[in-house]
Amino acid sequence: MFNCPSCKKCVAVKSIKDIKIHLGHHKQYGELDFPIRCCEPYCQATCDYIYNYGRHFEKFHSFNTEGGDVVMSESEEIDDLGLHENEIIDNRPNNRPSLKDKMVATRMALQGAVTNMVIDLRGRGNVPFNVTIDVVEYFKDVFEIIVDNFSEALKTEFDSFDLENVKAKVMDISLEFKGLQSVFDGFASEYRIRKLYENHPRFVSPEPIVIGHYHAIERVVVDGKLNHVIVEKPCIAQYVSIKKTFLSLIKDPLYLKCLLQCYQGQEGVYSCFRSGSRFTELSINDSGRIVSYIQIFYDGLGITNPLKAGASKHNSGMFYFTNLSLPPSHNATLANIHLLAMCHSNDIKNKNSLNQLLSKIVSELKDLNKNGIEIESSDGQKITLYVKLGQFTADNLGMNQICGLVESFSGDYFL
């Protein structure tokens, strides 16, 4: 039940929805004053909207939703704090959550909110990594100011009550709130943030693969003399499994629902390339199977200042893929463009090294086309999702490099 600020009585409710409906009736007849003042004992919160009041009640007073009707007389108004002079009356039920339990829930909620903020900032390509750390530090400073001022105000407010249990409770609350400041310590450095990503259940770790070898000159000291030695070193590329990426994405039930809905399609509506008659002819063997088609894109990435000499010395070759079975509006976002492989551009100029990398991609696509991915829908149904290559794209230089064609675009040069 909850103390209604409009009808001045305790109303029996079974859920937060019932509270919103009850207050909505008062609003409809012009009986509800705004801002809405919470009339629960020891609470002075005010809310501008019924929705906000419902969230407030659910977070701080949800234990009051159990019980029957307890109607107060019209003359018995609810005072500001539920306090009498030099006396505190605690009429809350005995099964209410303890302070420690509330602080644990608050810590988890705060940590989840900060984690989502950090992940969202890292997912934006235009936000540098050091900016993410600075933003976390700013939030930590603001939170510390709020906690310190709240603790001081709480202590000042209850200093007039000459009761040891009240002062002890105020001290416990202040210490618990100050302990929440440690939540930000887990995001204070680049190392800790990277560990946060690695420990995330949906994180897909890249797999290093050897695509070739190269020779380098190293300096070694032998018998006190400096010598130069030619050593063979491996060419390493980082590969992100398509299957693991799909398994991570499908953990989101909304993603799976969108994927299955797009697979069913709408008859007579050309929503994507799969709606065309040519695709229907080519995919005649896929009837009865749920197939997701991907588009792989290759391009070079310059990671240094392009105006300096030797700007292309450290260029990287990047392979990405998108899920063509999703609506085009979804694939326009960076979140649905997934990294497939990354290597040094100079390494794949060697055809053997390029073939080693491409064979890794082709072998996984063959396995996904033959065996598929075993997934489970929200209703517990077992589904096999097959993955096929729908399109491979690149710019002129990248396509010529992948296909083994001439990589020169000079106007007076012909093959």
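Buried here means under 20% relative accessible area and exposed means over 50%, with partly exposed in between (1.4 Å probe, protein chains only). The model is a predicted one, so local features need pLDDT of at least 70 and side-chain atom pairs count only at pLDDT 80 or more, while totals for chains, interfaces and linings use all residues. Residues are numbered from 1 along each chain as its sequence is written, and side-chain values use heavy atoms, with hydrogens and water left out.

Cysteines come up first. A disulfide is taken as a pair of cysteine sulfur atoms within 2.5 Å, and the structure holds 0 of them. C4 is in no disulfide; its nearest cysteine sulfur belongs to C7 and sits 3.3 Å away. C258 is also a buried residue, at 17% relative accessible area.

Next, helix 2, residues 50–60. Helices (H or I, at least four residues) and strands (E, at least two) are DSSP runs, numbered from the N terminus. The buried residues of helix 2 are I50, Y53, G54, H56 and F57. Looking down the helix axis, these fall within an arc of 165°, so they line one face of helix 2; the arc is that of the directions from the helix axis to the C-beta atoms. The face turned away from the buried side carries the exposed residues R55 and K59. As for what covers the buried residues of helix 2, the list includes strand 1 (2–4), helix 1 (16–28), strand 3 (36–37) and strand 4 (46–47), with contact meaning heavy atoms within 4.5 Å.

Searching the whole structure turns up 5 aromatic pairs. Rings of Phe, Tyr and Trp (its six-membered ring) pair if their centres lie within 6.5 Å; planes under 30 degrees apart count as stacked, over 60 as edge-to-face and the rest as tilted. One of the pairs is Y53 with F57, tilted, at 6.2 Å centre to centre and 35° between the planes. Both residues lie in helix 2, 4 residues apart, or about one turn of the helix. For Y298 and F319, the ring centres are 4.7 Å apart and the planes meet at 40°, so this pair is tilted. Y298 belongs to strand 9 and F319 to strand 10, so the pair ties together parts that are 21 residues apart in sequence. Y298 is buried at 2% relative accessible area, and F319 is buried at 0%.

Those two strands lead on to the sheet. Two strands pair if DSSP finds at least two bridges between them. Strand 9 (residues 290–301) and strand 10 (residues 316–323) run antiparallel and are joined by 8 bridges, and I294 stands opposite N323 in strand 10. The open sheet has 7 strands in the order 7-8-11-10-9-13-12, with mixed pairing. Strand 7 and strand 12 (373–376) stand at the edges with a single partner strand each, so one side of each is left without a neighbour in the sheet. Neighbouring strands are turned by 25° against each other on average, direction ignored. Axes are lines fitted to C-alpha atoms, for helices over the stretch in contact, and angles run from 0 to 180 degrees between N-to-C directions. Helix 12 (residues 396–403) packs on the sheet, touching strand 9, strand 10 and strand 13 (382–394), and its direction makes about 110° with that of strand 13.
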